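Please walk me through this structure. I would like to know what links its separate parts.

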Amino acid sequence: MKGGAMINADAFNKKVGKNLSLYYNRFAFAQMSGGSNDLADTLLRAIKRIPKEISFYDRLMKRRDLSVRQFQERNGYSVIDFTAKSKSRFLIYAGCPAPTDVGFHFSRNYGLPVIPGSSIKGAFHHYLADEEYDRTKRSRWFGVGTGDDDMGGERGSIVFLDGLPVGNVQYELDIINSHFPDYYGDVPDMPPNDWYNPIPVRFLAVSKGATIRFTLLLKDETRKEKEEIKKQFRLMLEYWGIGAKTAYGYGRFRPTET
């Protein structure tokens, strides 16, 4: 885009490459005609045209295998490593800047829907805290922050690696449709009723059935504690969920390995 000139949607779509992150972020800054719904439809069509390369996923798995071996052999970590298949759609970083009203996260380097390790760690910590799990164990597993007094902290014993897609994943559109926008907005004294005009908002999500590889690295944990962490982490994935919109059933995973 030169000098703020308008970019034609058809011309822009012809520039789609193999990295979805690059396309998605360029898409976000292109001044294309149409509303958010048009953008979401165009985005999904463009994504489906991008070639799928299974070999790329294979290389990604080999890099993960190498990382795990290095942590085990050089640093003495034990490993929890398994795959899980999504029982529902999932969505990561819904609040990030995006061409549609609801954001979506593609890994910058891989152009894939990688689940950041920080998101996995936050979801697991939130789950254990909500379940009122043993505070001492939580502090050891996740670490203790420095706080405002700057008196130092303690590193957690669990390292959460990014959740990596195994094989091709599919994408689809979902919809948010508030029926009472004025009632939920800043308009005073507007009761919920049927005279409003709902404005549907469509957004991108990963389809049900995607397989994700989860890897946790444990330092100085006993076999019993390792099994305990593994059990609780799997329960979190299956019943609590990870990512955005978990209250609506998003982000549930069923482990595919025992």
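Arg89 and Asp174 meet through their side chains in a salt bridge, at 3.4 Å from N to O. The model is a predicted one. Arg89 sits in the loop between E1 and helix H5 (117–130), and Asp174 sits in strand E6 (residues 171–176), so the pair ties together parts that are 85 residues apart in sequence. Arg89 counts as partly exposed because its relative accessibility is 26%. Asp174 has a relative accessible area of 14%, so Asp174 is buried.

How many salt bridges does the structure hold? The structure holds nine. Another of them joins the side chains of Glu221 and Arg140, at 3.6 Å from N to O. This pair also links distant parts of the chain. Glu221 is in the loop between E8 and helix H8 (223–240). Arg140 is in helix H6 (residues 135–142), and the two residues are 81 apart. Glu221 has 12% relative accessibility, so Glu221 counts as buried. Arg140 is partly exposed because its relative accessible area is 28%. Shared partners matter elsewhere: salt bridges join Asp65, Asp81 and Arg213 into one network.

Asp81 forms a salt bridge with Arg213, and their closest N and O atoms are 2.6 Å apart. Asp81 lies in strand E1 and Arg213 in strand E8, so this pair ties together parts that are 132 residues apart in sequence. Is Arg213 buried or exposed? Arg213 has 8% relative accessibility, so Arg213 counts as buried. Asp81 has 30% relative accessibility, so Asp81 counts as partly exposed.

Arg213 leads us into strand E8. This strand covers residues 211–218, and eight of its eight residues are buried, so E8 is largely enclosed by the rest of the structure. The cut-off for buried is under 20% relative accessible area. Look at the directions of the side chains along E8. Thr211, Arg213, Thr215 and Leu217 point one way. Ile212, Phe214, Leu216 and Leu218 point the other way. Residues on both sides of E8 are buried.

Which strands pair with E8? One is E1 (residues 78–86), joined to E8 by eight bridges. E1 and E8 run antiparallel. Within this pairing, Lys85 stands opposite Thr211. The salt bridge between Asp81 and Arg213 therefore links two strands, E1 and E8, that are also joined by bridges.

Strand E4 (residues 158–160) is another partner, with three bridges to E8. E4 and E8 run antiparallel. Here Phe160 has Leu216 of E8 as its bridge partner. Strand E5 (residues 164–165) also joins E8, through two bridges, and these strands run antiparallel. Pro165 of that pairing has Ile212 in E8 as its bridge partner.

Now turn to the helices. The axes of H5 and H6 come within 11 Å and cross at roughly 170 degrees. That angle makes H5 roughly antiparallel to H6, because angles over 145 degrees count as roughly antiparallel. H5 brings Lys121, Phe124, His125, Leu128 and Ala129 to the contact. H6 brings Arg138, Trp141 and Phe142. By class, the contact has five nonpolar, one polar and two charged residues.

Stay with H5 for one more residue. Ser119 is found in this helix. Ser119 has a relative accessible area of 19%, so Ser119 is buried. The cut-off is under 20%. What does Ser119 touch, leaving out residues up to four places away in sequence? Ser119 touches Ile92, Tyr93 and Ile242.

Step back to the whole chain. It has eight helices and nine strands. Of its 258 residues, buried residues make up 41%. Now consider contacts between residues at least 6 apart in sequence. Among these, 73% join residues at least 24 apart. The salt bridge of Arg89 and Asp174 joins parts 85 residues apart in sequence, and that of Asp81 and Arg213 joins parts 132 residues apart.

Definitions and conventions. Residues are numbered from 1 along each chain as its sequence is written. This is a predicted model: local features need pLDDT of at least 70, side-chain atom pairs count only at pLDDT 80 or more; totals for chains, interfaces and linings use all residues. Side-chain values use heavy atoms; hydrogens and water are left out. Buried means under 20% relative accessible area, exposed over 50%, partly exposed in between (1.4 Å probe, protein chains only). Helices (H or I, at least four residues) and strands (E, at least two) are DSSP runs, numbered from the N terminus. Two strands pair if DSSP finds at least two bridges between them. A salt bridge is a side-chain nitrogen of Lys or Arg within 4 Å of a carboxyl oxygen of Asp or Glu. Axes are lines fitted to C-alpha atoms, for helices over the stretch in contact, and angles run from 0 to 180 degrees between N-to-C directions. Angles under 35 degrees count as roughly parallel, over 145 as roughly antiparallel, 65 to 115 as roughly perpendicular and the rest as oblique. Contact means heavy atoms within 4.5 Å. Ala, Val, Leu, Ile, Met, Phe, Trp, Tyr, Cys and Pro count as nonpolar, Asp, Glu, Lys and Arg as charged, and the others, Gly among them, as polar.
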